[in-house]
Amino acid sequence: MAARSLPPLLLVVVVAVLAAGSLSPAAGLRFDLQSGHTKCISDDIKVGAMAVGKYHVVAPEPEGSSLAASSRLPDSHRISLRVTSPYGNSLHYAENVQSGNFAFTASEAGDYLACFWAPDHRPPATVGFEFDWRSGVSAKDWSSVAKKGQVDMMEIELKKLEDTIKSIHEEMFYLREREEEMQELNRRTNTRMAWFSFLSLAICLSVAGLQLWHLKNFFERKKLL
């Protein structure tokens, strides 16, 4: 017996739930940074989306059994951070810190860049840090929403689902705009290439005509024609 297809409304809910799971905030990522070097991380954010980030240096693991782990980080384990927009505007800057956070609402669409660097240190040291960067729906703190509004978990999930559907809808319009921009760029490029090909052909024909005229005059002067 053939399997029955899901009702349209249920199918939409299932797709949205799966999308909500894929858009759920992930745990912070850990990176190792050599002193005197830079590491950059980018995130594609659309206009009007909220972005939040937090970072902190991780204490180095003790070497040898005789060394006990200390809660105090060494002075060499500090990092600097600069967050810039796609057009190079600085949104956050911190120098020689061990932890911090930032938040902004994107006013430009494109790749936002977070660059970390560690100061030179002798002998060279490896600084480990964790970085958690969220944007869009995943940047919203739903636990605080639940605490302030005194709502149950079902309402929270429905709010998440609603925001996820809005985000997908906005993303579809954003991709459609990007597609139209790329199509317009392709049309302009094809038009320019057509004019360039026509100009190249005209130049080649002109040069060929000049060569024939020069050869004809040369042979006439030599009385070969």
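Predicted model: local features only at pLDDT ≥ 70, side-chain atom pairs only at ≥ 80, totals over all residues.
A residue counts as buried when its relative accessible area is under 20%, as exposed when that value is over 50%, and as partly exposed in between.

A search through the whole structure turns up one disulfide. The bond ties C40 to C115, with an S to S distance of 2.1 Å. The two partners come from distant parts of the chain: C40 sits in strand β2, C115 belongs to strand β7 (residues 110-117), and 75 residues separate them. As for its geometry, the link between C40 and C115 is right-handed, with 105 degrees about the S-S bond.

Now for a lysine. K46 is found in the loop that runs between β2 (38-45) and β3 (50-58). Is K46 buried or exposed? With a relative accessibility of 15%, K46 counts as buried, because the cut-off is 20%. Leaving aside residues up to four places away in sequence, K46 touches A106, E108, A109, S167, E170, E171 and Y174. One of these neighbours, S167, also features in a polar pairing: a polar atom of the K46 side chain lies 3.4 Å from the backbone oxygen of S167.

Terms used. Residues numbered from 1 in each chain as written. Heavy atoms only, no water. Helix = DSSP H or I, 4+ residues; strand = E, 2+ residues; numbered from the N terminus. Buried < 20%, exposed > 50% of the residue type's maximum accessible area, 1.4 Å probe, protein only. Polar contact = N/O pair within 3.5 Å; in protein donor to acceptor, adjacent residues only side chain to side chain. Contact = heavy atoms within 4.5 Å. Disulfide = S-S within 2.5 Å.
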